[in-house]
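User: I have just opened this entry for the first time, so please take me through it slowly, starting wherever you like.

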Amino acid sequence: MTQKVAVLGTGKIGEALLSGMIRAGWAPADLLVTARRQERAEELRSRYGVTPVTNPEAAKTADTLILTVKPQDMGTLLDELAPHVPADRLIISGAAGIPTSFFEERLATGTPVVRVMTNTPALVDEAMSVISAGTHATAAHLTHAEEIFGAVGKTLRVPESQQDACTALSGSGPAYFFYLVEAMTDAGILLGLPRDKAHDLIVQSAIGAATMLRDSGEHPVKLRENVTSPAGTTINAIRELENHGVRAALIAALEAARDRSRQLATGKKD
C-alpha cells in the first residue's frame with residue numbers, strides 16, 4: 001500500500017480509522033493527519049507514528065483525502081482546500097447529509113468524490129460503513145474506499161439517494177441501541193436487580209441476539225417467535241410494547257433522523 005492517505009479533522013472516528021488502517025497493514029509513514037489543535041496532532045504522531053500536516057499540505061501531498069469534520073464545518077474546510085487540490089485527488093467525505101455535489105461544485109472539475117457514512121463501532125472494528133460514488137468516482141475509487149473503511153468493519157455500496165436513510169438507520173443506529181440498553185437497565189433496577197447485574201444481563205443478551213441475527217439467516221420475526229411462548233412472559237411484554245406504540249415511535253424517530261440528515265446538506269444548524 002504505497003498511496004498516501006490524509007485524514008483531515010482527526011477526531012474519534014478519524015483516529016479509529018487510522019488505527020484500523022495500521023493494523024490492516026498500512027505503513028504509518030504513508031498516513032498524514034490534520035487536527036484543529038497542535039497538541040492533538042502531536043498526540044497522534046506519538047501514538048501512531050503518523051505525520052501531522054496542515055490542511056493545504058495534506059491536499060498537495062496525499063493521494064486520498066478523508067474529510068471527517070462536522071457537516072457544519074465542511075464548507076470552511078473546502079474553501080481552505082480548493083486552491084490546493086488537484087483534480088486527480090480522491091476525496092472521501094464522512095460528513096452526514098453532505099452530498100457529493102457539494103464537493104464537486106467547490107473543487108476542480110472532474111475531482112472524484114466518494115461519500116461514506118460510518119458509525120462509532122469503528123472504535124472496536126465493528127463499524128457499518130455505507131459507500132456511494134459521486135459523478136467522477138470510478139469503481140477503482142470505490143474499491144479503494146472499501147479497503148480503507150474495511151479496516152474497521154463491514155462496508156456496503158448504495159446509491160447516494162439512499163445515504164440519508166442509511167445515516168438514520170446505521171449512522172445513528174448505535175445510539176438507539178444504547179438508549180434501549182439504558183431503558184432496560186432502569187427496568188432491571190425497578191424489578192430489584194443491582195445495576196451492574198442488570199447491565200451484564202442485557203449486554204450479553206444483546207450480543208447473543210445480534211450474533212443470531214447475523215449468523216442464522218433467519219428473519220427477526222422468526223427468531224422472536226422462537227422466544228414467544230403462548231401465554232408466556234415474552235408475549236405479555238411485547239403486548240405492552242405494542243400498546244405503547246414502540247414500533248411506531250421507532251419508525252418516526254428514524255424518519256426524523258433522515259430528515260435532519262437532509263437538512264444538514266443545506267447548512268442548517270437547528
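Analyst: Let us begin with Asp125, which is partly exposed, with a relative accessible area of 28%; buried means under 20%, exposed over 50% and partly exposed in between, using a 1.4 Å probe and protein chains only. Please keep in mind that this is a predicted model, in which local features need pLDDT of at least 70 and side-chain atom pairs count only at pLDDT 80 or more, while totals for chains, interfaces and linings use all residues. Residues are numbered from 1 along each chain as its sequence is written, and side-chain values use heavy atoms, with hydrogens and water left out.

User: Ok, and where is the place of Asp125?

Analyst: Asp125 is found in the loop between β6 and β7, where helices (H or I, at least four residues) and strands (E, at least two) are DSSP runs numbered from the N terminus. Its phi is near 60°, a positive value in a residue other than glycine.

User: What about Ala231, buried or exposed?

Analyst: Ala231 is exposed, with a relative accessible area of 77%, and its place is in the loop between α10 (220-227) and α11 (233-243). Ala231 also has a positive phi, of about 60°, although it is not a glycine.

User: Stepping back, how many helices and strands are in the protein?

Analyst: The protein has 12 helices and eight strands, and its C-alpha atoms fill a box of roughly 70 × 35 × 35 Å, taken along the principal axes. Of its 270 residues, 37% count as buried. Among contacts (heavy atoms within 4.5 Å) with a separation of 6 or more, 62% come from residues 24 or more positions apart.

User: Now the inside: which residues have the most contacts in the largest nonpolar core?

Analyst: Those are Met21, Ile66, Ile92, Val114 and Ile148, in a core of 27 residues; such a core is a set of buried Ala, Val, Leu, Ile, Met, Phe, Trp, Tyr and Cys residues joined through side-chain atoms within 4.5 Å. Among the elements that each supply at least two residues of this core are the strands β1 (5-8) and β7 (127-133), together with the helices α1 (12-23) and α6 (139-149).

User: And what does Ile148 touch?

Analyst: Not counting residues up to four places away in sequence, Ile148 touches Val5, Leu17, Met21, Trp26, Thr64, Ile66 and Ile92. There is also a second, separate core of 21 residues, which includes Ala6, Leu8, Ala62 and Val69.

User: What sits over the ring of Phe102?

Analyst: The charged end of Arg106 does, 3.6 Å from the ring centre; the criterion is NZ of Lys or CZ of Arg within 6 Å of the ring centre and within 35 degrees of the ring normal.

User: Last one: where does Ser261 lie, and what is it in contact with?

Analyst: Ser261 lies in helix α12 (residues 246-264) and is buried, with a relative accessible area of 2%. Leaving aside neighbours within four places in sequence, Ser261 is in contact with Ala96, Gly97, Asp164 and Thr167.
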